[in-house]
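Here's a walk through one model, taking side-chain contacts, ring pairs, a hairpin and salt bridges in turn. Have the coordinates open as you read.

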Amino acid sequence: MIRHGSLRLRLFILILTPLVLLAILLGYWRYTVAQQTAQELFDDSLLSAGLAISRDVAVSEGDALSPTTRSFIRDASGGEIFYHVTGPGGIYVTGYAYPPAAAKPSEQGAYQPRFFEAIYRDEPVRVLKMTERVTLDNLVGDATVTAWQRIADRNAFANELSIRAAILMGILLATLAFVVWFGVARGLRPLLDLQDAIDLRSPDDLSKIKRPVPVEVHGIVQTLNRLFGQVERSINAHQVFISEAAHQLRNPAAAVQSMAEALRDAKTDEDKDKRIIELVSAAKNSATVAEQLLSLERLRQPTHQDQMDKIDFRAVVEETCADMGVHILTKGIDFEVTLPEPTILVSGDQIFLAEAIKNLLDNALKHGGAKLSQISVVLRCDAGNVKLTVSDDGTGLSPDQSEAVFSRFSQLEYSEGSGLGLSIVSAVAKRHGGVVAINQVEKGASVTLELPIAL
């Protein structure tokens, strides 16, 4: 409940819980101190009463206690004080009969006041016993004064002190809880204001949050602003992609429709066969554009580590070249592939890597021009990287044309291509932590895809 409940309640509990525990410890300590303090005060009071009784007995020679002493005994802290006095030879002088006796004999000196606990009339009592040298009726000897109080009266007094302290502490805790509850609410007000401000935004408003916020919330606001920026860029990229895709698909779709109408209106079988061939070619071109657009869109998605596998890049190159080689050779173009013997492992997605290799070969085939007569593929390792170079002897490319050829839907001159091939290669290289570059050559074009070797 605390984990998923309101922040206000969570802060309230986190702040108040240690204070309540501290109050419990302080309350226990205060109760112990109250018991000890009451014991010391009552023992002092009992000793004072004993000394007063001993003095009055000596002054009055055992006849009576003074009114002051009687008043002190009656109003002493901790309840009524009982007493018993014996003179020289153990002769009873005054007080209550049968005083409580100690369970164990005293090891203190004969004239040292001694405190102990005993039972008097089935009640536990605290007892003071003191002996002094006195003179009574020309008799010189020891007089013993025994004074005692009920322990229950003492405990009641100590409990009263503890209850007063507990009530005071409870009032302080209640006041603190009230202050914390409403103080936390006031402290969280900027967060609630921020929430209200975000709620008032329209779904299309992804601008940065610029309102002042507490220091503790700066990180959240910065994260939200960064997220807003990423979402806005993603939306803009999707809109641009949809616009460009619609533009690029319009021409192939129109071509297919035009070829279909021409086939319908063909007068002769020969004309129909020609239109069928043109229609199939247009349909293939349209499918290629759609497939490349989907590949680009998939490459825009973030890469997760679980999508990356260790792949034998040499095998991928060999398999893709074998598939494309039949098509290249049927056009009368020489096709040469040079591969190293050992396995070359890279971390990546096999489908995307095969797509990049296919587009490199397809780019050479479609943009080589009329002079194209040879395409070569060379795979080699260099300083922890694997480099795949596709070269041809066609029209040619130079490094200063990189920005144009790697842009989407860009062509240096008109061809049957869609202008997406090398942009897909660039996206695949970036996704796999590699690069693609146009090499400076004297004749034709040479493009190198470089990827890190997996450890």
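L19 is found in helix α1, which covers residues 7–59; helices here are DSSP runs of H or I with at least four residues, strands are E runs of at least two, and both are numbered from the N terminus. This is a predicted model, with local features needing pLDDT of at least 70 and side-chain atom pairs counting only at pLDDT 80 or more, while totals for chains, interfaces and linings use all residues. Residues are numbered from 1 along each chain as its sequence is written, and side-chain values use heavy atoms, with hydrogens and water left out.

Back to L19: it's partly exposed at 28% relative accessible area (buried is under 20%, exposed over 50%, partly exposed in between, with a 1.4 Å probe and protein chains only). Setting aside neighbours within four places in sequence, L19 touches L173 and L176, where contact means heavy atoms within 4.5 Å. L173 sits 154 residues from L19 along the chain, yet their C-alpha atoms are separated by 8.0 Å.

Helix α1 also carries I24, which is exposed at 52% relative accessible area. Together with V20 and L21, I24 makes a nonpolar surface patch of about 260 Å².

**Rings**

The structure holds 7 aromatic pairs. Rings of Phe, Tyr and Trp (its six-membered ring) pair if their centres lie within 6.5 Å; planes under 30 degrees apart are stacked, over 60 edge-to-face, and the rest tilted. One of the pairs is F12 with W181, edge-to-face with centres 5.2 Å apart and planes at 85 degrees. That pair links distant parts of the chain, F12 in helix α1 and W181 in helix α3 (residues 151–187), 169 residues apart. F12 is buried at 18% relative accessible area, whereas W181 is partly exposed at 28%.

Y83 and Y96 are edge-to-face too, 6.1 Å centre to centre with 80 degrees between the planes. Y83 belongs to strand β1 (residues 81–86), and Y96 to the loop between β2 (92–95) and β3 (114–120). Y83 is buried at 10% relative accessibility; Y96, at 31%, is partly exposed. Ring pairs join F82, Y83, Y96, Y120 and W148 into a cluster.

**A hairpin**

Strand β11 pairs antiparallel with β12 (residues 445–452) over 4 bridges; two strands pair if DSSP finds at least two bridges between them. I438 stands opposite V447 in β12. The hairpin has 6 residues between its strands, and G444 takes a positive phi near 75 degrees.

**Salt bridges**

A search of the whole structure turns up 8 salt bridges, each a side-chain nitrogen of Lys or Arg within 4 Å of a carboxyl oxygen of Asp or Glu. Here are three of them.

| Pair | Closest N and O atoms |
|---|---|
| D43 and R126 | 3.0 Å |
| R150 and E123 | 3.1 Å |
| E318 and R314 | 3.2 Å |

D43 lies in helix α1 and R126 in strand β4 (residues 123–136), so their bridge ties together parts 83 residues apart in sequence. In the second pair, R150 is partly exposed at 25% relative accessibility, as is E123 at 32%. E318 and R314 are 4 residues apart in helix α7 (residues 313–330), about one helical turn. R314 is buried at 17% relative accessible area, and E318 is partly exposed at 42%.

Terms used:
Patches are made of residues with over 30% relative accessible area and no salt bridge: like charges are joined within 9 Å, nonpolar side chains (Val, Leu, Ile, Met, Phe, Trp, Tyr) within 5 Å. Accessible areas come from the Shrake-Rupley method with a 1.4 Å probe; for residues, only the protein chains shown count as cover.
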